[in-house]
Amino acid sequence: MDRNPSPPPPSCGPEDEEDLGGGDRIGSTVYSKHWLFGVLSGLIQIVTPESGTSGSADEEEQADLAEEMENEICRVWDMSMDEDVALFLQEFKAPDIFMGVLAKSPCPRLREICVGILGNMACFREICESISKNEDHGQVLLQCLCDSDPPTLLETCRLLLTCLSQTEVASVWVRRIREHPSVYANVCFIMSSSTNVDLLVKVGEVVDKLFDLDEKLMLEWIRKGATRLPGQPQEDSEEQPVFSIVPCVLEAAKQVRSENLEGLDVYMRILQLLTTVDDGVQAIVQCPDTGNDTWRLLFDLVCHEFCQPDDPPVTLQEQKTVLASVFSVLSAISASRAEQEHLKIEEGDLPLIDSLIRVLQNMEHCQKKPENPSESDTEEPTICGPTQDDFHMKILKDISCEFLSNIFQVLTKEKVAQGLKEGQLSKQKCSCAFQSLLPLYGPAVEDFVKVVREVDEALADDLEDSFPSVKAQT
């Protein structure tokens, strides 16, 4: 039977029963209380075996869900998206029944559906608070992360993300996760071994949310993965630790990369959050394998996948957030090159300059207003403030300019000569870069022009003529 982790569409269910009396309806719906009681009673019977039954044979039978029961409980899953139904389930203490199923039932499909129902119910604030503040419920749900069934894990992560997104109870879950040592190991195992893209995206969203909510938890997870380098003497193990969280994030990113841009965006944002603390940067760059693996993956994304020369400029709109995260992490790694000689990143400077300038060019194109607006645009002009897209574009521009200025400052005479020969540092491209970098990054531009003059004096003169503020200082 095909597994479907999403609520099934409505079908012939309790809503089709004729002539429901007003007293049997749930709230303003046409769902029957009597029918729902019957389904919940059936659930109780499933997890409460009769005394005297054979253990192993009974467990094998319970591992399979009868088709009729599956259809009925799936209807409850669908119904639980309705607030009246969710509140009625809460009043009838259905969460206790579902928790009993999760604690006792060996049936993966039944466990998946029960967590899915709880996830729907948790979308409503009152119920989310009730579930979240019950310590027993919290422990059972976190224990579900040990499950080997991907659909159950997916619904568990969906439920956790829903709870973490509720400001009233987010801190309860952060505290509970910090106190539950298996969560870190289970999450890392999923990220490093699963091939289920939907699950990887959802568990990534949970990690992203946790790191965004609590820096202390992020630091704990970074340090939890510290192990001794292979062949490294024991006494030196504290000086150069290897952090397992980064390889796990990289493995998940590789899995979702080609199938889910939003999922890749999530994992790039996790890496970016890690670079906001020094321990996170060290987790990436201190180990040669991890540092170079991170660089290669991100370099390949920006130089061979995103914002390519034949891509229309508007593609930047859908790539802007992931590009901002990628450039931010690459910039953090690049800044560590002096201290971490094992990082093999110098050959990437010129291709990155090319990609960064292309991003700035496309950004300028996207922000241009149409020269001949249509009549509908001119009839009623509207005045509005910056949009979310404008905000993300500004972030991308700020990160791109800072990264580009840093690369300009480490370019040698030989690299500049190579860039001029290969076209990454043509006059047109340098001019585009200067337009974005000046005046904020004036010193970096001035140093770059000095190196250019050593290679091509005519080009340096042209750039100084086009940008007098640079000439005045050189």
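**Side-chain contacts**

Author: Lys320 counts as buried, because its relative accessibility is 7% and the limit for buried is under 20%. The model is a predicted one. The side chain of Lys320 meets that of Asp389 in a salt bridge, with 3.2 Å from N to O. This pair links distant parts of the chain: Lys320 belongs to helix α18 (residues 316–334) and Asp389 to helix α21 (residues 388–410), 69 residues apart. Asp389 has a relative accessible area of 37%, so Asp389 is partly exposed.

In total, the structure holds 25 salt bridges. Another of them joins Arg109 and Glu112, whose closest N and O atoms are 3.0 Å apart. Both residues lie in helix α6 (residues 108–121); because they are three residues apart there, about one helical turn separates Arg109 from Glu112. Arg109 and Glu112 are buried.

Arg453 and Asp461 also form a salt bridge, at 2.9 Å from N to O. Arg453 is partly exposed, with 28% relative accessibility. Asp461 is partly exposed as well, its relative accessible area being 32%.

Salt bridges also link Glu135, Arg175, Arg176 and Glu179 into a network. Arg176 has a further contact, with an aromatic ring: Arg176 lies over the face of Trp173, 4.6 Å from the ring centre.

The structure holds nine aromatic pairs. In one of them, the ring centres of Phe211 and Trp221 are 5.9 Å apart and the planes stand at 80°, so this pair is edge-to-face. Phe211 is in helix α12 (residues 197–213) and Trp221 in helix α13 (residues 215–224); the two are ten residues apart, and the pair links distant parts of the chain. Phe211 and Trp221 are both buried.

Phe434 and Phe467 make another edge-to-face pair, with 5.4 Å centre to centre and 70° between the planes. Phe434 lies in helix α23 (residues 427–437), whereas Phe467 lies in the loop between α25 (457–466) and α26 (468–471), so the pair ties together parts 33 residues apart in sequence. Both Phe434 and Phe467 are buried. These two rings also belong to a cluster: ring pairs link Phe408, Phe434, Phe448 and Phe467.

How values were computed: Residues numbered from 1 in each chain as written. Heavy atoms only, no water. Phe/Tyr/Trp six-rings, centres within 6.5 Å; stacked < 30°, edge-to-face > 60°. Helix = DSSP H or I, 4+ residues; strand = E, 2+ residues; numbered from the N terminus. Buried < 20%, exposed > 50% of the residue type's maximum accessible area, 1.4 Å probe, protein only. Lys NZ or Arg CZ within 6 Å of the ring centre and 35° of its normal. Salt bridge = Lys/Arg side-chain N within 4 Å of Asp/Glu carboxyl O.
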